[in-house]
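Student: I have a structure open and would like to go through it piece by piece. Can we start with what the record says and then look at the parts?

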Amino acid sequence: MLSLSEVPGNVIVPRYDRSKLRTRIAHIGFGAFHRAHQAVCADRLAAEAGSDWGYCEINLIGGEQQIADINAQQCLWTVSEMADDNRPARIVGVAKRALHAQTDGMAAVLDALCEPDIAIVSITVTEKGYCHHPASGQLNTDHPMVQHDLDHPDTPRSLPGVILAAIRRRRAQGLAPFSVMSCDNMPENGYVTRNVITQLAALQDEALAAWIGEQISFPSTMVDRIVPAVTAETLATIADQLGGMSDPAGVACEPFFQWVIEDNFVNGRPEWEKAGAELVADVLPFEEMKLRMLNGSHSLLAYLGYLAGYDHISDCMQDDNYARAARHLMLAEQAPTLHTRGVDLAAYADALIARYRNRALKHRTWQIAMDGTQKLPQRWLDSIRWHLREGSDFTLLALGVAGWMRYVGGVDEQGQPIDISDPLKEALAQRVAQTPDNEERVRALLSLQTVFGDDLPADARFVERVNRYYQQLQAQGAKATVAALMATLD
């Protein structure tokens, strides 16, 4: 169990007075990424600039043990920044309390969100947590949790429903409004968050929806730090750094950190810029750059790497064809679609490749491959639409889609079953089971309207290209297909 009094001297520990922190941010989604990203920024701010902004950590679904673990050790946890030659550790102390909707009850969660000091509600629940249609960014009113919340607005289950219930109560009590800040990997994540909350509100109370539009801000953000899923090996390394103490809430990440935030808050904010964040008027160019160049290449490596038997991104980087494919995708197929100005995109691509080569980070291809139906639209499909309009090449983007289709087929190239983790898992499995493994399956998967829309399945150029690479992957395997394509693209 983590104890500050027994931590080795080379570990960074909170030197600030934790009792003076005020619980001013409620964070929903206490996962590894939040622990290693936003919370670290707040910890640095408290240590270096005397900030009094503390967190209330909340999980709605899953992660009960994470909440129990930090409650057992005074809301402390360790973050280990792992590089090949250096692995410093930091104990984060900015959390004041931690709650779980299942164990503490939804009433306790709503009470916490309605504390007068709460000025910001931030979110990291992954794309699927927003109960939206990824292709359009609109609320999915058929989602079971949304349906529940329409009937039971005071005992909500969905993320939009929970935040809306807190907004409704705060308004009724005359409390100051808070800002709602998404830190998930979605383009215009503030816009998506506004959509799902205000659209749910409009279905319950038009006047409340109008009030939200006038009083609540939804700043967009871009977050960047590679944070692999925690494994037994991760925890063993952290225990070694702590002199033998265990920390079940510990997390590992890369040294790199970036956070770009739209400066649009209705009730104050921390001075994040003093701890390395960038406050800007428009986050979208940064979001696009990261989603398409980093996340897009990560997904390409994840699907094609997993199929080829590569367990980690750093393993993919040992294959020169895969490394060149990732860089080509970034610069030849993604960079032209961006609105970013004044950024050296070649240098950015080179820096990403260097980060991917970090062997100390065991970033599993399977982890990145999760929830593909929620990720494809913003990582690949919007870029493909751009290329179709421009008449330009999208070879690797089409290969990525074909690789995803092979992956959700459920069997890898070694004949082993793939554990598909996706909110549309049943719909995917149904299409796979009902079609032969040929062009018919490609068209069946393209019929997922919430992913591909109506336009892409109707575009003969797109369908032909994806089908061609699907058949090539089927006949030659991922390694040979990537090698053959890179020979033509170099």
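Student: Which residues does the UniProt annotation "domain: Mannitol dehydrogenase C-terminal" cover?

Tutor: According to the unreviewed UniProt entry, that annotation covers residues 282–473. UniProt positions are given in the numbering used here, feature names are shortened, and annotations may be inferred rather than shown by experiment. This is a predicted model: local features need pLDDT of at least 70, side-chain atom pairs count only at pLDDT 80 or more, and totals for chains, interfaces and linings use all residues. Residues are numbered from 1 along each chain as its sequence is written, and side-chain values use heavy atoms, with hydrogens and water left out.

Student: How much helix and strand is there over residues 282–473?

Tutor: The chain there is 67% helix and 0% strand, and the end C-alpha atoms are 40 Å apart. Helices (H or I, at least four residues) and strands (E, at least two) are DSSP runs, numbered from the N terminus.

Student: Where is Tyr303?

Tutor: Tyr303 is in helix H10, residues 284–308.

Student: Buried or exposed?

Tutor: Tyr303 is buried, with a relative accessible area of 1%. Buried means under 20% relative accessible area, exposed over 50%, and partly exposed in between (1.4 Å probe, protein chains only).

Student: What does Tyr303 touch?

Tutor: Not counting residues up to four places away in sequence, Tyr303 touches Ala369, Gly372, Leu376, Trp380, Gly403, Trp404 and Tyr407. Contact means heavy atoms within 4.5 Å.

Student: Trp404 is on that list. Which residues does it meet H18 with?

Tutor: Trp404, Met405 and Val408 in H16 meet Val442, Leu445 and Leu446 in H18. Helix H16 (residues 395–408) and helix H18 (residues 439–446) pack at an angle of about 100°, with their axes 11 Å apart. That makes H16 roughly perpendicular to H18. Axes are lines fitted to C-alpha atoms, for helices over the stretch in contact, and angles run from 0 to 180 degrees between N-to-C directions. Angles under 35 degrees count as roughly parallel, over 145 as roughly antiparallel, 65 to 115 as roughly perpendicular and the rest as oblique.

Student: Now the sheets. What is the order of the five strands in the open sheet?

Tutor: The order is S5-S2-S1-S6-S7, and the pairing is parallel. Two strands pair if DSSP finds at least two bridges between them. S5 and strand S7 (179–182) are the edge strands, each pairing on one side only. From one strand to the next, the twist averages 25°.

Student: How many bridges join S6 to S7?

Tutor: Four, and the two strands run parallel. Ile120 stands opposite Ser179 in S7.

Student: Which strands does H6 lie across?

Tutor: H6 lies across S1, S6 and S7, running at about 175° to S6.

Student: And what about the three-strand sheet, what order is that?

Tutor: That open sheet has the order S4-S3-S9, with mixed pairing. S4 and strand S9 (251–253) stand at the edges with a single partner strand each, so one side of each is left without a neighbour in the sheet.

Student: Where does the mix come from?

Tutor: Strand S3 (residues 77–81) and S4 pair in the antiparallel sense over four bridges, while three bridges join S3 to S9, which run parallel. Trp77 stands opposite Val92 in S4, and Val79 stands opposite Val251 in S9.
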